[in-house]
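I opened this one to see how its pieces pack. My notes follow in the order I looked things up.

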Amino acid sequence: MSDATLDRDVRVVAAGYGDSLRFRVVVAVYSAAIAAAAVFAAVTGSDADWVPVLLLAALFVLAEHRDRVFTDETGLSGSIAVALSAAYFVASDGWVGGAFFVGAAGGLYVPHLHHRAFSKIIVNSASFGLSSLAAAASVFVMTERSSSALAIAMSVVLATAVYWLINSLLLAVATSALSREPVLGDVAQLVRSDTVMLVFGLGGAICGVVMTEVGTWTGIATLVALLVALDVFVISVPAGLTVLRSAWAVMLARGVSGGVAGTVGACVTRVVSISVLGAITGFAAGMAAGVVIVVLILGARLIVSQRRVDPALVGGLVVIEVAFPAIAATAGVVTSLAGLRAGLVVASALVVAGSVAVAVRRRRSKAERPAIEDDTLMAAVVEAMLDGLPSPSRDR
């Protein structure tokens, strides 16, 4: 995966080829690039507010230490979300160099520090830092002359793509120097690897927009909620990556239903003049709208896949997914009554609380787990329900 640490990408290759001269040259070049970027960032950021940048750097380091390598030799971490959040936030203030400090901090990986693997630290810091710097520069260029919603949306997408490509390129140069394989082949492999993580990169960039347009600490709260949810439901779950890769309809249903539920909840609450009645009505309307979206998306996937639509099956999946429109509807009601900042804070708190509750339940039942873990079994059941239904042709 593009935003994994170099440990996973280089360690296996290095075992066979050793620390080659080409790799030492790459490390030297990256060291010079780090020094130049650090000087540029420090000089241009003399009047900047360093507190949010340092906090984002700490979150980046923490996200990298939550990286997980799966049995299929792929890995996940939430660092891409932090990098893109920082890229948008610092670029909006005109200090693109701040993104470099946030990303470069990702190289401070404790196992590498413990084993004095300085070459890996340098390559990781360069890959993360320079990628973040490039992403911030793209945001600055896109939003310098226009702050319209279209310009913001385009800058978010562009920054995500730039980060992914530059990070893949820098890692590929290092790995190919060790393996003596063609650089372009390694670049192509890294670019195509686990592209589902781009969704979380976009989410991180949106958190950066929140930091800029709504409030710094509100945006950081949403980013923390995103990282916690990513950690609990994807990174720490054995089947998390499989679900992301294949159960796209479920992921789409969660995102769209949440957005619709929040919007409907806010609009209905605002229409009803009585606050208590408006809150109740808005929540109910948001929940109903979110559930309808879940039914439509899951039903559409079954129809497109030429599977038989079983109302009981769809109803069961709706029950499983109802928490997402519930959180969004609550946030929409709070937004209508107390403002966008309060709504985002409430949504973040609910996401964190729900994620922590799931994590605690897993920890308590760990000793009683069967041979097949509950999360793996649940992912298999969902996939079987969505893809394993008989098609009409099989019935005939």
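These entries go from the whole chain down to single residues.

**Entry 1: the whole chain**

I note at the outset that this is a predicted model. I counted secondary structure and got 19 helices and 2 strands. I then asked how much of the chain is buried. Of its 396 residues, 47% count as buried. I also checked the sequence range of the contacts. Taking contacts between residues at least 6 apart in sequence, 79% join residues at least 24 apart.

**Entry 2: the core**

Which residues have the most contacts inside the largest nonpolar core? I found Leu-56, Val-82, Tyr-163 and Leu-223. That core has 61 residues.

**Entry 3: H3 against H4**

I turned to helix H3, residues 50–65, and helix H4, residues 79–92. Their axes are 8 Å apart, and the packing angle is about 165°. An angle over 145 degrees counts as roughly antiparallel, so H3 is roughly antiparallel to H4. I logged the crossing as left-handed.

I listed the residues that meet. H3 brings Pro-52, Val-53, Leu-56, Leu-59, Phe-60, Ala-63 and Glu-64. H4 brings Ser-79, Val-82, Ala-83, Ser-85, Ala-86, Phe-89 and Val-90.

**Entry 4: H3 against H11**

How are H3 and H11 oriented, parallel or antiparallel? Their axes come within 12 Å and cross at roughly 0°. H3 and H11 are therefore roughly parallel to each other. On the H3 side the contact uses Val-51, Pro-52, Leu-55, Leu-56 and Leu-59. On the H11 side it uses Thr-216, Trp-217, Ile-220, Leu-223, Val-224 and Leu-227.

**Entry 5: H2 against H5**

I looked next at helix H2, residues 21–44, and helix H5, residues 97–104. The axes come within 8 Å and cross at roughly 130°. H2 and H5 are therefore oblique to each other. H2 contributes Ile-34, Ala-37, Ala-38, Phe-40, Ala-41 and Ala-42 to the contact. H5 contributes Gly-97, Phe-100 and Phe-101. I recorded this crossing as left-handed.

I stayed on H2 for one more residue, Ala-33. Its relative accessibility is 26%, so Ala-33 counts as partly exposed. Ala-33 and Gly-129 are 96 residues apart along the chain, and their C-alpha atoms are separated by 9.9 Å.

**Entry 6: Arg-341 and its partners**

Where does Arg-341 sit? I placed it in helix H17, residues 340–364. Beyond residues up to four places away in sequence, Arg-341 touches Val-214, Gly-215 and Thr-218. I then looked for a polar pairing. A polar atom of the Arg-341 side chain lies 2.5 Å from the backbone oxygen of Val-214.

Thr-218 is in helix H11, residues 216–235. Is Thr-218 buried or exposed? Its relative accessible area is 5%, so Thr-218 is buried. Setting aside neighbours within four places, Thr-218 is in contact with Val-210, Arg-341, Leu-344 and Val-345.

**Entry 7: two loop residues**

I finished in the loops. Arg-116 lies between helix H6, 110–114, and helix H7, 118–143. Most residues other than glycine have a negative phi. Arg-116 is exposed, with a relative accessible area of 65%.

Glu-144 is in the loop between H7 and helix H8, 149–179. I found Glu-144 exposed, at a relative accessible area of 53%. I also logged its C-alpha distance to Ser-92. Glu-144 and Ser-92 are 8.2 Å apart in space and 52 residues apart in sequence.

Terms used:
Residues numbered from 1 in each chain as written. Predicted model: local features only at pLDDT ≥ 70, side-chain atom pairs only at ≥ 80, totals over all residues. Heavy atoms only, no water. Helix = DSSP H or I, 4+ residues; strand = E, 2+ residues; numbered from the N terminus. Contact = heavy atoms within 4.5 Å. Polar contact = N/O pair within 3.5 Å; in protein donor to acceptor, adjacent residues only side chain to side chain. Core = buried A, V, L, I, M, F, W, Y, C linked by side-chain atoms within 4.5 Å. Buried < 20%, exposed > 50% of the residue type's maximum accessible area, 1.4 Å probe, protein only. Axes fitted to C-alpha atoms, helices over the stretch in contact; angles between N-to-C directions. Parallel < 35°, antiparallel > 145°, perpendicular 65-115°, else oblique. Left-handed = near helix turned anticlockwise from the far one by under 90°.
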